[in-house]
Amino acid sequence: MRITSGITAGQVLQRLADQTARAIVRGETEANGPVHAELRDARGGAVKGWARKEVGVAAKGAFTASLAGVPVGGPYTLTLHMGDKHLAVSEIFVGDVWLLAGQSNMEGVGNLADAPKIHPMVRAMYMDDHWGVAQDPLHVLMESPDEVHAARQFTPEERANHRRSAAKGAGVGLPFGREMVRRSSVPQGLLCTAHGGTTMAQWDPRLRKLGGKSLYGSMFRTWSLTEQPIAGVVWYQGEGDATELESAAYTENMEKLVAALRKDLKQPRLPFVLVQIGRHVNADEAPWWNDVQEQQRLLPTVITGTAVVSAVDLDLDDGIHISTLSFLRLASRLARAADRVAHSTKEEVALPQPLHAKRADPPAGAPSVQGSRVIDVTFSDVVGGLRSAGRPTGFALVDGNRREVKGIYKITLVGDVARLELDTDRTDLKLMYGLGRDPYVNITDSRDEALPAFGPLRIRGLGHVSTLVSTWQVTKVQAPTPIAELKHPELSQALGWKRRTWADGFINRHSEWEHAQGWAAATAEIEVPEAMRLELRVGYDGPTRVWFDDKPVLSDLAGTNPCIPDKNRVELPKVKAGRHRVTVVMDLNGGMAWGFFLRFARLGLTDKQLEKEDFTLPKGVV
């Protein structure tokens, strides 16, 4: 007698809604007649209703036994009786089974010296297809019979030697299983299918037909051996897709993967719990890493029955792999998410997500700082308030090319709001959290649920303002003359006009004007793409006059330090489409003046235009 499918020693069967499991056991036998099953607990006592239960029939050299109503718990010993023959299978459990898949951070590359202790109720189906107590390393590629994982399979001796000598291999699977046992008090089974360094293309469900020559085929084969439903999938992958070529299709590929697994496992609502990729040191700072993180953050809004947790704040055991000790924190986050999407635990809510970032009034009594702004970032699903170990950090302002613009000098956490105080008055910026591949971030809620990397996120209320005009024609210092008496300066050679650009938008001529007397002018062409109402915004640190086209629009003969962007504003109610000229004349004020800022805000925009950013702005002609 022997069992050919349906159950094996050490296996965890998936509990159903009635807290029991089912299994169809098939095998070979010389006996004929009814098949009886006996189920005994760890103490040898018969499980209620299972003292001697008829479960099938044996005939023509084969038998089938239908086991229904196997209660949650274990370990059980199952004995099948056929006439005077019997066959026993030991250490059968009933609980929850999870499919572990993805790349190296799921495979596990943490230091084994810090690996958690085994737990008798956490079991694993290792890559060589045998069930046993879960112990790191869970994933050893050369234990697999599938060609996609290794060119050949370890011998038993090689397997034993590897496990004795390995220094790396701890992952999130074992601590996740331990945490789920603590939460549910039922056994946990882990199906080990991850493979490091892999991309979504390698996990393509269309490759299932290749069987063990493909990652999806190998994963499907592993699950098929159990002949059981599962509680859910725990997925940690994405580092391999953080490239210009692969990143754009990440969401689409995840949709296909989830849909295929739900179809192939015949579980249309199969839960998926995913880890947003964390950090990678010593790598280039191309935007693709953040692109994948942002897509992963938003997956629950695209694919129902999914949950995402953050790992961007966790420590590493090398340049890219989560540390064994940090896997304990990640396991708790995954367990909360699994409880929510797989077990519908109402007490658990999703990780905090940014709802919006918008300009706020400065705190009461705050001093007026040059260019200061206050941005409130409000988050959903914050439990117990936002907090940090030490000074909160992790937010970044970025320009249109996703380059960081320094300017956040203070972060205050109040409930579900992170208040950012800025020393920049730029209005063309967006907000990110966890910018780059190796950010330092440290904000969580009271559950230790970390903020996910996100962005770029639009900041509401910064205004609808052009970038600073940075390319100008400027004159040499001219002989002292009261600027109030000057007419609009002409572009004549006599004034010594020269084209110059200031990258930061501050037209800084201090080195030329220091200790000098007289005046100087600057003029720039402005392209207005369509007719619009404008507000000219200018800051300066000396007596100043401004013309728009040939019309004087501002005169401040008492202008002085400091130079504050946007300090002075003039409405230009009807500006036609096309090119216009703006001219600034400054008195050097005895060498005390340094220069000016100038840009435009667009007025009269509708709420719909503002929400969709559906508008154009004037810009300087370079």
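Let's start with a charge and a ring: Lys-53 lies over the face of Trp-50, 4.0 Å from the ring centre. A charge counts as sitting over a ring if NZ of Lys or CZ of Arg is within 6 Å of the ring centre and within 35 degrees of the ring normal. This is a predicted model, where local features need pLDDT of at least 70 and side-chain atom pairs count only at pLDDT 80 or more, while totals for chains, interfaces and linings use all residues. Residues are numbered from 1 along each chain as its sequence is written, and side-chain values use heavy atoms, with hydrogens and water left out.

**Overall build**

- The protein has nine helices and 36 strands; these are DSSP runs numbered from the N terminus, with helices being H or I of at least four residues and strands being E of at least two.
- Along its principal axes, the C-alpha trace spans about 120 × 50 × 45 Å.
- The radius of gyration is 34 Å, whereas a compact globule of 622 residues would come out near 25 Å. That radius is taken over C-alpha atoms, and the globule rule is 2.2 Å times the number of residues to the power 0.38.
- Of the 622 residues, 54% count as buried. Buried means under 20% relative accessible area, exposed means over 50%, and partly exposed is in between (1.4 Å probe, protein chains only).
- Take the contacts (heavy atoms within 4.5 Å) between residues at least 6 apart in sequence: 75% of them join residues at least 24 apart.

**Aromatic rings**

- The count comes to 11 aromatic pairs. Rings of Phe, Tyr and Trp (its six-membered ring) pair if their centres lie within 6.5 Å; planes under 30 degrees apart are stacked, over 60 edge-to-face, and the rest tilted.
- Phe-220 and Trp-223 make a tilted pair, because their planes meet at 40°, with ring centres 5.5 Å apart.
- These two sit three residues apart in helix H4 (residues 215-226), so about one helical turn separates Phe-220 from Trp-223.
- Phe-220 is buried at 15% relative accessible area, and Trp-223 is buried too, at 12%.
- Phe-379 and Phe-395 form another tilted pair, 6.5 Å centre to centre with 50° between the planes.
- That pair links distant parts of the chain, 16 residues apart: Phe-379 is in strand E18 (residues 373-380) and Phe-395 is in strand E20 (residues 395-398).
- Phe-379 is buried at 1% relative accessibility, and Phe-395 is buried at 8%.
- Ring pairs also join Phe-379, Phe-395, Tyr-433 and Phe-454 into a cluster.
- Back at Phe-220, the charged end of Arg-208 sits over the ring, 3.8 Å from its centre.

**Cysteines**

- There are zero disulfides by the rule used here, which asks for a pair of cysteine sulfur atoms within 2.5 Å.
- Cys-192 is buried at 2% relative accessibility, and Cys-563 is buried at 7%.

**Around Arg-579**

- Arg-579 lies in strand E34 (residues 578-587).
- Leaving out residues up to four places away in sequence, Arg-579 touches Glu-525, Ile-526, Glu-527 and Val-621.
- Arg-579 and Lys-619 are 40 residues apart along the chain, with 9.8 Å between their C-alpha atoms.
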